[in-house]
Amino acid sequence: MKGTPGICKIYEKCLWFITILAMLAAAVVTVPKLAGIWPYMILSSSMEPTIPTGSLVFVNTKDKQAANGDIVTFSMTNGKDEITVTHRIVETTDEGFITKGDNNDVNDLKPLTADRIVGTYAASVPYAGYIMSKITKKGLVVAIGWLFGAHLFGFVLESITEDSETKDSSPKHIKDQKQTNQISPKSNMDSK
């Protein structure tokens, strides 16, 4: 089983790298929520080039005070559905805020009232929204299960290789004694 301990070490390091990467990704999305900063996916090109399509934007839901030039996320009714939109405030009127996507030629149709504002734009991670849109609760549970199983497999593999290394690494005087004791009974009788 030469080379197996080396493979185990590489497997273990790769697995821990993936685990730490997954934990960091989860932390990037969940920890800001404690401060009221929620992630939203940008699935259209209306805010390009400022915010590329597929970005993950972080919205400060505790800051709903908006002014001209601010990028805000707000809820609006699209037919029967309630959707969230992230656009820039371009004008303030008596009826509310006039919003527009940076990449759009015309302003949004209805003025935005302050009660519809979810929060103000804080930051974005380009293209991370594509990944987030593919992750479902079921997929997340499956991924955690696979990661747990891979760690369990690594633990078993490591204990097996440690056992085989222990058997192969007995001290030299014990190996010499084993070789001496392995003389066949017939040769012992011949020497008498």
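The second largest pocket of this predicted model has a volume of about 400 Å³, where a pocket is an open set of points on a 1 Å grid over the protein atoms alone, at which a 1.4 Å probe fits, with protein on both sides within 12 Å along at least five of seven lines. Local features need pLDDT of at least 70 and side-chain atom pairs count only at pLDDT 80 or more, whereas totals for chains, interfaces and linings use all residues. Residues are numbered from 1 along each chain as its sequence is written, and side-chain values use heavy atoms, with hydrogens and water left out.

**The second largest pocket**
- Of the 16 residues that line the second largest pocket, the closest to its centre are Phe74, Ser75, Met76, Thr77 and Lys110, a lining residue being one with an atom within 4 Å of a point.
- Strand S3 (71-78) and strand S4 (81-92) are the elements that give two or more residues to this lining, and S3 gives the most, with five residues; strands (E, at least two residues) and helices (H or I, at least four) are DSSP runs numbered from the N terminus.
- The lining of the second largest pocket has seven nonpolar, six polar and three charged residues, with Ala, Val, Leu, Ile, Met, Phe, Trp, Tyr, Cys and Pro counted as nonpolar, Asp, Glu, Lys and Arg as charged, and the others, Gly among them, as polar.

**The largest pocket**
- The largest pocket has a volume of about 950 Å³, and of the 30 residues that line this pocket, the closest to its centre are Ala25, Val29, Met132, Ile135 and Leu140.
- Helix H1 (4-30), S1, helix H2 (128-134) and helix H3 (137-168) each give two or more residues to the lining of the largest pocket, and the largest share, 10 residues, comes from H1.
- By class, the residues of this lining divide into 23 nonpolar, five polar and two charged.

**The sheet**
- Six strands form an open sheet in the order S1-S2-S6-S3-S4-S5, with antiparallel pairing, and two strands pair if DSSP finds at least two bridges between them.
- Strand S1 (37-41) and strand S5 (97-100) stand at the edges with a single partner strand each, so one side of each is left without a neighbour in the sheet.
- S1 pairs with strand S2 (residues 56-60) in the antiparallel sense over five bridges, and the bridge partner of Ile37 in S2 is Asn60.

**Aromatic pairs**
- The structure holds two aromatic pairs, which are rings of Phe, Tyr and Trp (its six-membered ring) with centres within 6.5 Å, counted as stacked with planes under 30 degrees apart, as edge-to-face over 60 and as tilted for the rest.
- The rings of Tyr11 and Phe153 have their centres 5.7 Å apart and their planes at 80°, so this pair is edge-to-face.
- This pair links distant parts of the chain, with Tyr11 in helix H1 and Phe153 in helix H3, 142 residues apart.

**Backbone details**
- Glu48 and Pro49 are joined by a cis peptide bond with omega about 0°, and Pro49 is found in the loop between S1 and S2.
- Tyr127 has a positive phi, near 70°, and lies in the loop between strand S6 (117-125) and H2.

**Confidence**
- The mean pLDDT of the protein is 83, and 81% of its residues reach 70 or more, pLDDT being the predictor's confidence in each residue, from 0 to 100.
- Confidence is lowest in helix H5 (residues 185-190), at a mean of 52, and highest in S5, at 96.
- Where pLDDT is low, the predicted coordinates should not be read in detail.

Technical notes:
Points joined across faces, edges and corners; volume = space filled by probe spheres on them.
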